[in-house]
Amino acid sequence: MSGAALGLEIVFVFFLALFLLHRYGDFKKQHRLVIIATLLAWYLCFLIVFILPLDVSTTIYNRCKLAVNSSPPENNGSYVTLAPSKPKCFKPWSYIPNGIMPIFWRVVYWTSQFLTWILLPFMQSYARSGGFSITGKIKTALIENAIYYGTYLLIFGAFLIYVAVNPNFNLQWNQLQTIGIAAANTWGLFLLVLLLGYGLVEIPRSHWNGAKRGYLLMKTYFKAAKLMTEKADAEENLEDIMEEVRKVNESIKYNHPLRKCIDTILKKCPTEYQERMGRNMDDYEDFDERQNSYPSEKSLVKLHKQVIYSVQRHRRTQVQWQILLEQAFYLEDVAKNETSASRQFVHTFQSQESENKFFQYFYTPTVEWYWECLLRPWFYRVLAVVLATFSVIVVWSECTFFSTKPVLSLFAVFIQLAEKTYNYIYIEMACFLTIFFLSICVYSTVFRIRVFNYYYLASHHQTDAYSLLFSGMLFCRLTPPLCLNFLGLTHMDATISHKNTQPTAYTSIMGSMRVLSFIADGFYIYYPMLVVILCIATYFSLGTRCLNLLGFQQFMGDSEMTSDLIDEGKELIRREKRKRQRQEEGENRRREWKERYGNREDSTRSRAVHTDQKESSFSETNTNRPLSKFTRSNGRTERDRIELLQDAEPLDFNADSVNDDPLESESGR
């Protein structure tokens with residue numbers, strides 16, 4: 001069982017990262033290297049969070065063994081005790097043998113650092129590049145990253161020169177490595193506190209507001225108005241870009257040297273635009289080299305980049321609009337069904353997606369009514385209270401974790417109480433819940449934030465490659481300081497507890513922060529206290545109010561702009577609802593028509609086919625018979641058929657008399 005827990009968590013975390021990436025990314029359309037790099041970054045970060053509790057329980061057991069070896073042991077059968085009054089030092093069920101965890105943490109940490117500082121930034125520039133060849137994209141990515149990382153290398157080089165010149169410093173390679181790790185963790189901790197302060201307040205509040213049906217519906221109307229504006233802007237932008245592509249496509253002919261670039265751009269355009277441009281293209285017209293109106297390759301690279309961005313944005317807004325409509329219709333159905341006397345949930349529109357039959361068997365309309373109208377609001381309220389309690393404990397522990405005598409951090413108190421009884425199950429569960437809640441607060445903020453249209457994680461496979469890679473960078477930079485902060489809250493870090501005890505394997509990989517005392521004793525201890533100020537600012541929505549003043553519309557209940565957007569969104573939802581109702585009514589009428597008259601039409605067709613077959617067989621039979629066997633009626637029928645098939649003679653309006661009956665004239669002749 002020693003390695004089974006580690007193996008199970010490794011496999012489980014891999015599928016968890018794969019599931020989340022499948023929700024936000026698009027495996028079919030995005031490049032495989034982008035998917036693999038993002039999956040590796042997410043997987044390593046989630047793996048650190050899940051494996052760290054096992055490291056804590058293993059460290060506590062190793063401390064117990066050291067205490068046993070340093071004190072006279074007592075033989076008590078199959079286990080060793082420190083004294084008759086001491087608890088027994090059992091081996092935990094998830095114990096990991098010595099030597100495995102240091103290697104594991106070293107591989108995971110340095111791989112994540114290589115991803116976040118070297119590979120992922122390079123792939124970001126590569127994904128955003130509009131080059132038409134691999135060489136061109138690599139060149140653009142190298143230039144952009146050289147400018148970005150040149151400043152870091154300049155600062156680090158100046159620091160090395162200062163250390164080499166100053167005789168008071170005698171740094172070795174391990175100390176330089178620790179300084180690099182400390183610099184990366186300092187940058188990550190600076191961002192970590194900002195995201196944590198937002199998540200500690202916003203997550204409980206969002207669940208509390210989730211119990212308010214009216215609040216959710218008004219917010220959905222607000223989102224609909226904003227999304228419609230963004231959708232119209234995306235459509236207009238796409239039209240402008242496609243117009244530029246059309247002009248370039250008409251100017252550069254089939255035998256132009258840059259025609260391959262135009263074909264590459266056309267492949268990225270939507271299908272309807274490709275067909276429209278293909279119809280207006282004259283491939284037989286040669287280009288004139290004397291003309292100077294042809295675009296350059298650099299301008300085509302820029303146009304290619306704009307086409308990729310505009311098409312992705314247009315597709316994303318279209319999908320998000322349909323999803324938002326479904327949410328709005330469902331919330332309106334919930335509001336209507338709350339007063340239902342039958343206590344059965346009735347949908348205005350049937351779901352377009354095929355649901356699982358097993359799910360439909362248990363989730364009946366009655367069960368759905370009780371869950372949506374009665375149980376779900378109370379469940380969200382209870383969950384919000386639990387999350388708010390966790391948030392208060394985290395804020396208190398962040399402000400008091402540096403105090404060792406007495407121990408004021410509640411997480412440290414819980415771990416120390418469990419350590420006295422060597423209850424490893426309790427230790428691992430407490431550690432997992434603590435670091436899991438911290439991770440949810442930080443990672444959920446990463447999924448929620450939006451930096452204009454450059455970084456935005458959109459679900460339902462609508463996230464672009466740049467945003468996926470950027471999220472992987474953020475996760476790799478935030479996870480190591482998050483774990484160090486967790487170890488400080490639980491006093492498992494010797495730098496915080498000031499005890500000469502065996503450190504965890506994760507802390508040993510990070511190195512001793514005593515090399516930089518102003519960071520270990522100053523920044524790491526006092527900077528997390530700013531989470532209190534950030535929580536207060538988030539509670540009073542100061543950031544939302546500032547963005548609203550700057551012109552970025554945010555959902556605020558006491559704002560006149562918010563009420564106007566709610567009314568606009570309500571009208572948009574009502575219009576889309578009427579449109580869908582007309583579509584469903586038309587489909588129902590066509591379905592009823594097919595059910596009512598479909599059998600008659602089928603029988604009419606079958607009779608017509610049967611009649612044609614009889615006539616054809618009859619004509620074949622008559623053709624094979626001798627001429628003398630024809631009856632008088634058959635001859636008359638044949639003559640009438642021939643006369644009807646003959647062309648009538650044209651009328652002569654200049655003649656003296658007009659014969660109205662062409663048959664009589666024929667017989668007269």
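So, salt bridges: a search of the whole structure turns up twelve of them, where a salt bridge means a side-chain nitrogen of Lys or Arg within 4 Å of a carboxyl oxygen of Asp or Glu. As a reminder, side chains of opposite charge can pair when their charged atoms come close.

Quick note before I go on. This is a predicted model, so local features need pLDDT of at least 70 and side-chain atom pairs count only at pLDDT 80 or more, while totals for chains, interfaces and linings use all residues. Residues are numbered from 1 along each chain as its sequence is written, and side-chain values use heavy atoms, with hydrogens and water left out.

Okay, back to the pairs. Arg 450 has a salt bridge with Glu 230, and their closest N and O atoms are 2.6 Å apart. That pair ties together distant parts of the chain: Arg 450 sits in strand β3 (residues 450-451) and Glu 230 in helix α6 (residues 213-251), 220 residues apart. When I say helix or strand, I mean DSSP runs numbered from the N terminus: H or I over at least four residues for helices, E over at least two for strands. Which of the two partners is buried? Glu 230 is, with a relative accessible area of 14%, whereas Arg 450 is partly exposed at 35%. The cut-offs there: buried is under 20% relative accessible area, exposed is over 50%, and partly exposed is in between, with a 1.4 Å probe and protein chains only.

Next one, also from α6. Asp 233 and Arg 313 meet through their side chains in a salt bridge, 3.0 Å from N to O. Here too the pair links distant parts of the chain, with Asp 233 in helix α6 and Arg 313 in helix α9 (residues 297-337), 80 residues apart. Arg 313 is buried at 8% relative accessible area, and Asp 233 counts as partly exposed at 38%. There's a network as well: salt bridges that share partners join Glu 230, Arg 316 and Arg 450.

Then a local pair. Arg 205 and Glu 202 form a salt bridge at 2.9 Å, N to O. How are these two placed along the chain? They are three residues apart in helix α5 (residues 173-210), so about one helical turn separates them. Glu 202 is buried at 14%, and Arg 205 is partly exposed at 22%.

Let me zoom out. The protein has 22 helices and four strands. Of its 669 residues, 39% are buried. Take the contacts with a separation of 6 or more: 77% of those are between residues 24 or more positions apart, a contact being heavy atoms within 4.5 Å. The accessible surface comes to about 39,900 Å², and 60% of that belongs to carbon and sulfur atoms. Those areas are from the Shrake-Rupley method with a 1.4 Å probe, and for residues only the protein chains shown count as cover.

Have a look at helix α3, residues 100-128. Its 29 residues reach 40 Å from first C-alpha to last, close to the 42 Å expected at 1.5 Å a residue; the expected span is 1.5 Å times one less than the number of residues. Still, α3 has a kink of about 45 degrees centred on Leu 115, the bend being the angle between axes fitted to the seven residues ending there and the seven starting there.

The peptide bond from Lys 405 to Pro 406 is cis, with omega near 0 degrees, and Pro 406 is in the loop between α11 (365-400) and α12 (410-421). Tyr 422 isn't a glycine, yet has a positive phi of about 55 degrees. You'll find Tyr 422 in the loop between α12 and α13 (424-448), and at 17% relative accessibility Tyr 422 is buried. His 491 also has a positive phi, about 60 degrees, without being a glycine. His 491 is in the loop between α14 (465-489) and α15 (494-497) and is buried at 7%.

Beyond neighbours within four places in sequence, the contacts of Lys 577 are Phe 329, Glu 332, Lys 336, Thr 348 and Phe 349.

Last stop, the surface. Val 451, Phe 452, Tyr 454, Leu 547, Leu 550 and Phe 552 make a nonpolar patch with about 630 Å² of accessible area together. Phe 552 is in the loop between α19 (542-549) and α20 (560-624), partly exposed at 38%.

Technical notes
Patches are made of residues with over 30% relative accessible area and no salt bridge: like charges are joined within 9 Å, nonpolar side chains (Val, Leu, Ile, Met, Phe, Trp, Tyr) within 5 Å.
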